[in-house]
Amino acid sequence: MLTLWKRARIATCDELSRTFERGAIVTRDAVVEWVGDEADLPAGLHPDRTVELAGRWLTPGLVDCHTHLVFAGQRAAEFARRTAGTSYADIAREGGGILSTVRATRAASDEMLLEQSGSRLRSLLAEGVTVVEIKSGYGLTLESEARMLRVARRLGELHPVTISTSLLAAHALPPEFAGRADDYVDLACREWLPALRTSCDAVDAYCEDIAFSAAQCDRLFTAARALGLPVRLHAEQLSNVGGSQVAARHGARSADHLEYATEDDAAALARAGTVAVMLPVAFYTIAERQLPPIDAFRRHGVPLAVASDCNPGSAPGASLLLAMNMARRLFGLTSAEVLLGVTRHAARALGLEKSHGAIAPGHAADFAAWSIDTPDELGYWAGFNPCSMVVKDGAIVLERDV
Ligand code: DI6
Ligand code: FE
């Protein structure tokens with residue numbers, strides 16, 4: 001089916017970041033064929049359907065490139081302790097934190113996991129998000145990690161959202177392996193990676209002194225790369241233990257968090273073409289004070305993405321729009337940086353830059369329509385959602401009164 005989308009204001013987020021004040025898009029089925037000024041529309045076009053956008057702004061469907069959206073339960077009691085002064089790292093060292101969600105997730109049925117995670121995914125979709133990365137990491141056994149990845153992919157079959165999965169077996173040391181972190185990593189390298197190779201789109205790890213060392217992540221990445229799996233890393237969130245350098249050495253698609261990254265880290269990431277993913281909701285929730293070195297990333301030309309980090313500990317909630325607002329207010333990103341951070345650069349962090357994250361010929365027909373006067377309003381509103389329509393693979397999948 002040939003569809004003409006007309007009278008739109010368009011922010012393409014393509015290589016040239018083109019915008020059109022009176023723009024049009026032609027889609028054939030699920031793919032964009034043409035985008036430009038309405039005045040330049042190809043002659044002799046006979047669309048099967050015309051959608052009139054009445055001057056609304058259109059962006060690519062947003063890409064949330066870092067979430068832990070599949071989990072069971074909540075950690076409100078832990079949040080209360082943290083607001084009273086106990087640190088995130090201290091709760092983790094006591095066996096709470098990630099491990100408390102591991103217990104809840106292992107105990108939940110598939111149906112419960114799908115239901116609880118589905119409501120978070122629908123909340124992202126209502127914000128114009130059409131691509132979501134989902135990590136495992138709350139199972140920490142071969143079978144329960146496999147189940148998390150399965151649930152994540154199943155969510156993509158049940159919703160009009162493209163799901164990209166990451167295996168995050170190296171998220172926390174499971175109690176069964178207490179004191180034997182190297183054995184755990186060896187097992188993941190030797191048995192889990194080969195077994196789950198086709199169940200995930202990438203391999204992630206948490207490189208931190210409360211999690212896995214740079215040397216352990218290095219081993220995991222060597223095994224992942226040998227199997228042809230792309231890698232990405234939670235690095236330098238609470239301290240600098242050398243994660244960015246490991247990520248860069250393995251040509252990681254992204255390094256995420258990076259509050260404690262240095263100028264040298266920024267240079268290494270730039271050389272490797274690694275995307276730096278900013279997670280300001282986690283920064284805010286754990287009341288971190290160390291800001292990521294945004295100016296160094298800019299100077300070295302590191303592409304910046306912004307993501308929700310949706311998880312029950314450091315980023316409870318499911319709002320990419322809130323993350324965009326916080327990236328601007330807390331990290332000083334510009335509105336243009338934030339928009340590319342949830343479109344083109346976020347797609348690149350997932351290896352989807354040829355098909356998603358921009359409105360361009362050959363890309364998926366994924367769009368979000370916004371009731372806003374200017375794209376500067378993306379990341380301006382805090383706690384208000386101006387998305388009025390979501391298009392996925394050429395179909396209008398959601399319309400909201402704004
Ligand atoms: N860093 C984070 O911010 C999340 N995971 C990670 O490695 C937190 C996950 C959680 O607290 O449950
Ligand atoms: Fe995370």
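Is Phe71 buried or exposed in this structure? Phe71 counts as buried, because its relative accessibility is 5% (buried means under 20% relative accessible area, exposed over 50% and partly exposed in between, with a 1.4 Å probe and protein chains only).

## Basis of the model

This is a predicted model, in which local features need pLDDT of at least 70 and side-chain atom pairs count only at pLDDT 80 or more, while totals for chains, interfaces and linings use all residues. Residues are numbered from 1 along each chain as its sequence is written, chains are lettered from A and ligands numbered from 1 in the order in which they are written, and side-chain values use heavy atoms, with hydrogens and water left out.

Phe71 is located in the loop between strand 6 and helix 1 (helices, H or I of at least four residues, and strands, E of at least two, are DSSP runs numbered from the N terminus). Leaving aside residues up to four places away in sequence, Phe71 touches Thr101, Thr105, Leu113, Gln116, Ser117, Arg120, Tyr138, Cys310, Asn311 and Pro312 (contact means heavy atoms within 4.5 Å). Between Phe71 and Thr59, 12 residues apart in sequence, the C-alpha to C-alpha separation is 30 Å.

Val26 belongs to strand 2 (residues 19–28) and is buried, with a relative accessible area of 3%. Beyond residues up to four places away in sequence, the contacts of Val26 include Leu2, Leu4, Val32, Trp34, Leu41 and Leu45. Val26 and Gly36, 10 residues apart in sequence, are separated by 9.2 Å from C-alpha to C-alpha.

## The iron site

His66 (NE2), His68 (NE2), His234 (NE2) and Asp309 (OD) coordinate the iron ion (ligand 2) at 2.1 to 2.5 Å. Donors are N, O and S atoms within 2.8 Å of the metal (3.2 Å for Na, K and Ca); water is not among the atoms, so sites may look incomplete. The angles among the 4 donor atoms run from 79 to 165 degrees, and the site is irregular. Four donors count as tetrahedral if all angles lie between 85 and 135 degrees; four count as square planar and six as octahedral if opposite donors are over 155 degrees apart and all others between 65 and 115; anything else is irregular.

Along the chain, the donors of the iron ion (ligand 2) follow the spacing H-x1-H-x165-H-x74-D. His66 lies in the loop between strand 6 (62–64) and helix 1 (76–83), and His234 in strand 10 (residues 232–235), so this pair ties together parts that are 168 residues apart in sequence. His66 and His234 are both buried.

## Helix packing

In helix 9 (residues 263–272), the buried residues are Asp265, Ala266, Ala267, Ala268 and Leu269. The buried residues of helix 9 pack against helix 8 (243–249), strand 11 (254–257) and helix 11 (294–300). Gly273 follows helix 9 and has a positive phi, near 70 degrees.

## Positive phi in loops

Ala54 is placed in the loop between strand 4 (49–52) and strand 5 (57–60). The phi of Ala54 is near 50 degrees, a positive value in a residue other than glycine. Ala54 counts as exposed, at 53% relative accessibility.

Asp393 is placed in the loop between strand 15 (387–392) and strand 16 (395–399). The phi of Asp393 is also positive, near 50 degrees. With a relative accessible area of 38%, Asp393 is partly exposed.
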